[in-house]
2 protein chains.
Amino acid sequence: MITARPVDLQPIFYPESIAIFGVTDTPDRVGYNILQSVLFGGFTGKVYPIHPRHQQVLGCKVYKSLADVPEPVDMAIICLNQFATIEALESCGRAGVKGVICNAGGYRETGEAGQTLERRLVDTAEKYGLPVIGPNTLGIINNDGNFYSTFYPLRLPPGKVSIISQSGGIGLNVIHMAIDEGLGINKFIGVGNCSNIGFADCLDYLENDDSTSVIGVYIEGTSDAGRFARTAGRVARKKPVVVYKAGRVMDADRFTQTHTGSSAGSFRLYRDILRQHGVFTVSSVSELVAACKALALQPLPEGNRVGILTHTAGPSVVMIDHLKPAGCIITALFDETISRVKRIIGSDDPPVVLKNPLDAAGLGFRGPIYGSLAEAMLQDKNVDLLLAVYCLHKNWELPAVELLAAHKRIQKPLIVNFVGNWLGCRQDQEFLQKAGVPLFTEPEKAAVAASALVHYGTRQKGGVCCDC
Amino acid sequence: MITARPVDLQPIFYPESIAIFGVTDTPDRVGYNILQSVLFGGFTGKVYPIHPRHQQVLGCKVYKSLADVPEPVDMAIICLNQFATIEALESCGRAGVKGVICNAGGYRETGEAGQTLERRLVDTAEKYGLPVIGPNTLGIINNDGNFYSTFYPLRLPPGKVSIISQSGGIGLNVIHMAIDEGLGINKFIGVGNCSNIGFADCLDYLENDDSTSVIGVYIEGTSDAGRFARTAGRVARKKPVVVYKAGRVMDADRFTQTHTGSSAGSFRLYRDILRQHGVFTVSSVSELVAACKALALQPLPEGNRVGILTHTAGPSVVMIDHLKPAGCIITALFDETISRVKRIIGSDDPPVVLKNPLDAAGLGFRGPIYGSLAEAMLQDKNVDLLLAVYCLHKNWELPAVELLAAHKRIQKPLIVNFVGNWLGCRQDQEFLQKAGVPLFTEPEKAAVAASALVHYGTRQKGGVCCDC
């Protein structure tokens, strides 16, 4: 590990000029794909591909070596094999490059010879005080600067959530699920073997990155678990951090060693320490994305008292299964709210369940009534956050406008659980999320999203603390 | 409960003529929506809407009462309030109707008066030996006979999975997720309050329903948990049953009582008893759908030894987290397979992790290589089932044809985990699933799907038993 902290990762994420080592002209090589990714992503800085034998790739002039590049570059991406990577890193250090990404695997994760090789890589990085992401990494994305340097050419909607992932594959899973969920991504960091720059360094950097408001982490294991947990806890006091820890079982543990060379460690210990540090933890990719989405879009609630409005009960049962263990209270409604509900429905003995969850049954379809009920519940002094359940129906539309109006008037967090399929919900999801209200289509996801908001709401606003 | 068992539910699912009580001409009433649903679904039998004041609704002649209907009907759907429902049920009994669905709520779930009312409903049903689905139900769907009698007009792709759900909302969630997952649904039964026909009756019926090959169950609680578990266990020896038990926490328990009037009971006790009876249990709507999809599409494996082929390690780590606790073994590969892998790649020391999971890294993109590796792993005598992970990439296509060819040659179960977004994976999902290979986009889902196959494979084929 290099000693100066925090490490300046700015040149890696916001370079004005970059060099890419190992750019060939065939699409089954990482170098080609990274150049393609940089171009496809719309990077506006200068790009200097490097390869001893090629003249031009993807319309870009190729330079024989870093020495041939006509100006100093801010950062370099090294897409060479594990041996050549170290030589290239040395040349970057000598040339005053300010940050490097090393993609190749073949280090610690492969055994003893690889460990020795990785030690040389780290020594080289430290000799020049050169921050190195990887090795054995998918790369990074800075969507705030249109800088896509993974070997998967793609573009993402803009947003405020940044992701740190030990695995490129799970990182891609998060990215694609974010696309499906309409969640904008700010930065993506594939930390790979974490041999020079680890989770804590990335958290340090994102803590002070103004364009990041929520940080999602996928971790299998790290040699510096204590620092990771402490840093995550410190950063989480400033902006929400959500951690998905994998590698629970022994076989997975053995396998993580051949993945990024880290031991996954005791799953429960990890989770408990993270929780002690006040970090919100999740158990799947979809929970990670759900929690990050809610935290990115909604204000934090004042407390842990959750209201549920629905016209079908089952989703409430499932949500309560998740909300309660996360420390949420399914609050009682004030008599005033019950009276108001009766007035809205226009009956002193309406055919609805007059408590929380408020099950409006068949009456729940009509937009103005549903919207008024949502507003009544949001206004209840016992309710800190509202979960609104609605079912996709051929004859009705999700009262998105009414829900939004209620949310804007009362200014309390609102999460919509729309029971429907992807195509049927897509338009409402876009509309609501553009206005800051997250829409989910699974009660488990909606509940985790609410739990995440309550977790950080109760921590940051001094309300009732929850168990999660 | 009626005494004759098993109850003949055939007239409810395959009627030639139906009556619908309470058909009005406004789309915010259940009766209107059910008629619409029946018509939209393409029911080819005779439909007799009943209402004392309407002449015609949705192009159908409306009859003043059941007595006015010109012929005996096989079954009736009663969309009247909780009081009028009982009178209508009485008239159905007298007229020799063979099965009834009662949609209205307002019974046991609302308190003492409702309990008395529900007792009257059950007494009426028993007096005539009349099977009654509900009350307090979304209704049923028989996609095998184009009979859609819920109040949500929709159509579903055909398939072999039938769903029994205590909640209409979760039932709809399953249905919409099935649409997203490309999973065909055969029958849907909203059991509601289960006051006359319960889970066990429905399982009995589906056990002998040739068009159903897999049964998915969402249950909150039932007064007859023992019979449910025993029946589920017995049916599961004939065709796979997957159970999602909700209502884990006390608040949820209180709420389930106002939902369908059933106490959710001890979650763990339920789950353990189901497992003792050999039933596969899951923990979310998405797991329920994933398990049912794999079981509907794939043959059962001979044992619990799972192979994983990937070109990115993270998803394997996550999958192993789920596979191991479900009793799967991440098997060692035979030396013969390792040699074959080296030959396929064309190197004696290839840059891949030469064990299970087999991480082909960058080489994993090329279709012919990926397909050959999949075939080599499937052919390994230590592998009972293969999980194949592939990442969506702008320059590559999922080697669906190659995977399918390998699967067809070796005849062992195959599950694809395609790391990608919904739109990006849709076409491959359709192609593969039409040929019987399930495709998932989340490692947790793929792992649960594999676990479900292993669970029933080891039970039904006498292989090694797993813990799940």
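**Strand S18(B)**

I looked up the bridge partner of Val306(B) in S18(B) of this predicted model, and found Leu385(B). I took strands as DSSP runs (E, at least two residues) and helices as DSSP runs (H or I, at least four), numbered from the N terminus. Two strands pair if DSSP finds at least two bridges between them.

Next came strand S19 (residues 414–419) of chain B. Six bridges join S19(B) to S18(B), and the two run parallel. Tyr390(B) stands opposite Phe418(B) in S19(B). With helix H14 (residues 400–410) of chain B, S18(B) and S19(B) make a right-handed β-α-β unit. Right-handed means that, with the strands pointing away from the viewer, the path from the first strand over the helix to the second runs clockwise.

I then checked burial. S18(B) spans residues 385–391, and seven of its seven residues are buried. I used 20 or more other C-beta atoms within 10 Å for buried, with C-beta atoms placed from the backbone. Leu385(B), Leu387(B), Val389(B) and Cys391(B) cover one side; Leu386(B), Ala388(B) and Tyr390(B) cover the other. In a regular strand the side chains alternate between the two faces of the sheet.

**Numbering and cut-offs**

Residues are numbered from 1 along each chain as its sequence is written, chains are lettered from A and ligands numbered from 1 in the order in which they are written. The model is predicted, so local features need pLDDT of at least 70 and side-chain atom pairs count only at pLDDT 80 or more, while totals for chains, interfaces and linings use all residues.

**Nonpolar core**

Which residues have the most contacts inside the largest nonpolar core? They are Ala291(A), Ala450(A), Ala291(B) and Ala450(B), in a core of 321 residues. Such a core is a set of buried Ala, Val, Leu, Ile, Met, Phe, Trp, Tyr and Cys residues joined through C-beta atoms within 7 Å. I listed the neighbours of Ala291(B), leaving out residues up to four places away in sequence: Val242(B), Phe280(B), Val282(B), Val448(B), Ala449(B) and Ala452(B). Contact means C-beta atoms, placed from the backbone, within 7 Å.

**Asn193(A)**

I found Asn193(A) in the loop between strand S11 (185–190) and helix H6 (199–207) of chain A. Asn193(A) counts as buried because 26 other C-beta atoms lie within 10 Å. Asn136(A) is 57 residues from Asn193(A) in sequence, yet 5.9 Å away in space, C-alpha to C-alpha.

Note on methods:
Buried ≥ 20, exposed ≤ 12 C-beta atoms within 10 Å, placed from the backbone. Contact = placed C-beta atoms within 7 Å.
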